[in-house]
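Here is a short report for a first look. Keep the view open while reading.

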Amino acid sequence: MRFDVFTIFPEYLAALELSLIGKARGQGLLEVAVHDLRDFTTDRHRTVDDSPYGGGAGMVMKPEPWAQALESVLDPHADAKPTLIVPSPAGEVFTQALAHEFAARQHLVFACGRYEGIDERVLDWAADHYTVRPVSLGDYVLNGGEVAVLAMVEAIGRLVPGVVGNPESLVEESHADGLLEYPVYTKPAAWRDREVPEVLLSGNHGKIAKFRREQQLRRTVARRPDLIAALDAGSLGKADRNVLWELGYAVVDRQLVKREAAT
């Protein structure tokens, strides 16, 4: 899988040489190239921004350096368009499902905007050559796209086969099945007057699985009720429904709703 990242701060992306992503690069599982956008300018000041038409605060990134940069990584012999991911607070929210979708692509290109953003015509032009996807990490604003790209490359890259040593860990983590991950514990069994839940010491795998599933449901209700509301209640077993009933949820037309709202 290939990642190309364009930025005016290539040093910002040095973290991609570390940890599992860096190891995967060394093993040839991932190809990651970071490019300096200023290398695609034509003036001696290497200018990448200018004042916005219509007035307003800040500066806007110029279109021509971006077009030159994005053209430089296009493969005319590719079977499909690469995907251009543009970090933006105006984009669709990045989720685990989106990470899985992107992990199935062969070539992802990231455009790290700065200032007030990239001239909109770049995205219009790029749509002829790329599948363009503006993507947001959440409802907040960053100084640039580099932080978002670090997060997305790690979330996507770890889903590529072979990057994570134990693939089973990808199945059990948060958001893999629409719920948050259950709490985890390690040795010692007793620590500062706090005990590991007894069921985890029992060796009874059936009881442990039931306990962990219940903890997933309880944690998700407490921290992310929006995820509970999005579940397909028709796919939940009796044990799950009993836990959710205890937590105040009922099933109405395959949807989970607060019991007071269902009456």
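How exposed is Phe 40? Phe 40 is partly exposed, at 22% relative accessible area. Buried means under 20%, exposed over 50%, and partly exposed in between (1.4 Å probe, protein chains only).

## About the model

This is a predicted model: local features need pLDDT of at least 70, side-chain atom pairs count only at pLDDT 80 or more, and totals for chains, interfaces and linings use all residues. Residues are numbered from 1 along each chain as its sequence is written, and side-chain values use heavy atoms, leaving out hydrogens and water.

## Aromatic pairs

The structure holds two aromatic pairs. Rings of Phe, Tyr and Trp (its six-membered ring) pair if their centres lie within 6.5 Å; planes under 30 degrees apart count as stacked, over 60 as edge-to-face and the rest as tilted.

Phe 3 and Phe 110 are stacked, 6.1 Å centre to centre with 20° between the planes. Phe 3 lies in strand S1 and Phe 110 in strand S6, so the pair ties together parts 107 residues apart in sequence. Strands are DSSP runs (E, at least two residues) and helices too (H or I, at least four), numbered from the N terminus. Phe 3 is buried at 0%.

Phe 6 and Phe 40 are edge-to-face, 5.9 Å centre to centre with 70° between the planes. Phe 6 is in strand S1, and Phe 40 is in the loop between strands S2 and S3.

## Helix H1

Helix H1 spans residues 19-26, and its buried residues are Ile 21, Gly 22 and Ala 24. On the other side, Ser 19, Lys 23 and Gly 26 are exposed. Ser 19 has 62% relative accessibility.
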